[in-house]
Structures are given as structure tokens and as C-alpha cells.
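Please keep the sequence and the structure at hand while reading.

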Amino acid sequence: FGSSNWLQSKAVEAMAPPELTHDLALEIQEAMIQEFLRPEFRYKLRDALDGSEGDMVKQAHARRDVCMAVEIPLLAKFGYEATEESVHQHSLALGKLLHDCPDLVEKNQKLTRLVNPTMDVYEDEHIAAD
């Protein structure tokens, strides 16, 4: 009855996130940038942040919710489980790569600006008032 151990090891393998290489990280970042540039995302983010009435904690939760709705399915396309935990796993793995990869740092900064629209309010036409 050794098949039980085999099934358990396969289940663990299935839950393990993919190894985040530089090239995979770059591909994921570029896909996220494209998603975060979409007008639908920009408007949802703006509306969520506007609905937070200037409360920084509410804004953080609103930003998180809007971003997770994009990040979870996007990361699933790259072999991650479609869970919030996978987003955290990806972030931790990316953090380790950022120390040695200026191109990943640059993309990460762009992602940060895209989800913090007040940082670039004059450069982002999708956030400007209608």
C-alpha cells in the first residue's frame, strides 16, 4: 500500500509554487503591468480608493482587494495555485530576486506606482477625473 505515500507526495508537488527564475519573474511582472494598465482595472482601483474616504487603512484594504482580483488568476496562469497564499509566496520569492536584478526592481517600482495612483496622478490618464 505504498501508493498512499506516492499520492501524498504528488499532492505536495501539485501545491508547490513554481520555481521563480529571473525570466519567469520578468514575464509575470510584464503580464501584471499590462493588467494594471487596463482601463477596467484603473477605474475599479480609483473607485475603490475614492470609496475609502481618505482613510489609509480602508485604502490599503481596497487596494489589496482590487489587486488580488487580478493577481490570483494571473499567477494561476503561471503555475501557482489560485489562492491568496500563492500571491504571498510569489511576493516572497520575488523579494529574494530583487536584490540582484535591477530590471526586476524597475518593473516592481512601476507596479507599485500603478497600484498607488496618487504617485503618478498627472502621468496616468486613466486615473484623472472624467
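Leaving aside residues up to four places away in sequence, which residues does Gln-29 touch? Gln-29 touches Leu-94, Leu-104, Lys-107, Asn-108 and Leu-111, where contact means heavy atoms within 4.5 Å. The model is predicted, so local features need pLDDT of at least 70 and side-chain atom pairs count only at pLDDT 80 or more, whereas totals for chains, interfaces and linings use all residues. Residues are numbered from 1 along each chain as its sequence is written, and side-chain values use heavy atoms, with hydrogens and water left out.

**Overall architecture**

- The secondary structure of the protein consists of six helices and zero strands; helices (H or I, at least four residues) and strands (E, at least two) are DSSP runs, numbered from the N terminus.
- From the N terminus on, the elements follow the order α-α-α-α-α-α.
- Of the 130 residues in the protein, 34% are buried; buried means under 20% relative accessible area, exposed over 50%, and partly exposed in between, with a 1.4 Å probe and protein chains only.
- Among contacts between residues at least 6 apart in sequence, 66% join residues at least 24 apart.

**Gln-29 and Leu-111**

- Gln-29 lies in helix α2 and is buried, with a relative accessible area of 1%.
- Leu-111 belongs to helix α6 and counts as buried, at 9% relative accessibility.
- Apart from neighbours within four places in sequence, Leu-111 is in contact with Gln-29, Met-32, Ile-33 and Phe-36.
- Leu-111 and Glu-30 are 81 residues apart along the chain, and their C-alpha atoms are separated by 9.2 Å.

**Packing of α2 with α3**

- Helices α2 and α3 pack at an angle of about 70 degrees, with their axes 5 Å apart; axes are lines fitted to C-alpha atoms, for helices over the stretch in contact, and angles run from 0 to 180 degrees between N-to-C directions.
- The two helices, α2 and α3, are therefore roughly perpendicular to each other, a term for angles of 65 to 115 degrees, while those under 35 count as roughly parallel, those over 145 as roughly antiparallel and the rest as oblique.
- In this contact, Glu-35, Phe-36 and Leu-37 of α2 meet Pro-39, Phe-41 and Arg-42 of α3.
- By class, the contact of α2 with α3 has four nonpolar, no polar and two charged residues; Ala, Val, Leu, Ile, Met, Phe, Trp, Tyr, Cys and Pro count as nonpolar, Asp, Glu, Lys and Arg as charged, and the others, Gly among them, as polar.

**The largest pocket**

- On a 1 Å grid over the protein atoms alone, a pocket is an open set of points where a 1.4 Å probe fits, with protein on both sides within 12 Å along at least five of seven lines, and lining residues have an atom within 4 Å of a point.
- The largest pocket holds about 420 Å³ of space; a volume is the space filled by probe spheres set on the points, and grid points are joined across faces, edges and corners.
- Of its 17 lining residues, Met-32, Glu-71, Val-87, Ser-91 and Asn-108 are the closest to the centre of the largest pocket.
- At least two lining residues come from each of α2 (22-37), α4 (56-76), α5 (84-98) and α6 (102-115).
- The lining of the largest pocket comprises nine nonpolar, six polar and two charged residues.

**The second largest pocket**

- The second largest pocket has a volume of about 220 Å³.
- Its lining draws at least two residues from each of α2, α3 (39-50) and α4, and α4 gives the most, with five residues.
- This lining divides into seven nonpolar, no polar and five charged residues.
- Among the lining residues are Phe-41, Ala-69 and Pro-73.
- Ala-69, in helix α4, counts as exposed at 54% relative accessibility.
- Ala-69 and Phe-41 are 28 residues apart in sequence and 9.6 Å apart in space, C-alpha to C-alpha.
- Pro-73, also placed in helix α4, counts as partly exposed at 40% relative accessibility.
- The C-alpha atoms of Pro-73 and Thr-83, ten residues apart along the chain, are separated by 8.4 Å.

**A loop residue with positive phi**

- Glu-53 lies in the loop between α3 and α4 and is exposed, with a relative accessible area of 67%.
- Although not a glycine, Glu-53 has a positive phi of about 55 degrees.
- Most residues other than glycine have a negative phi.
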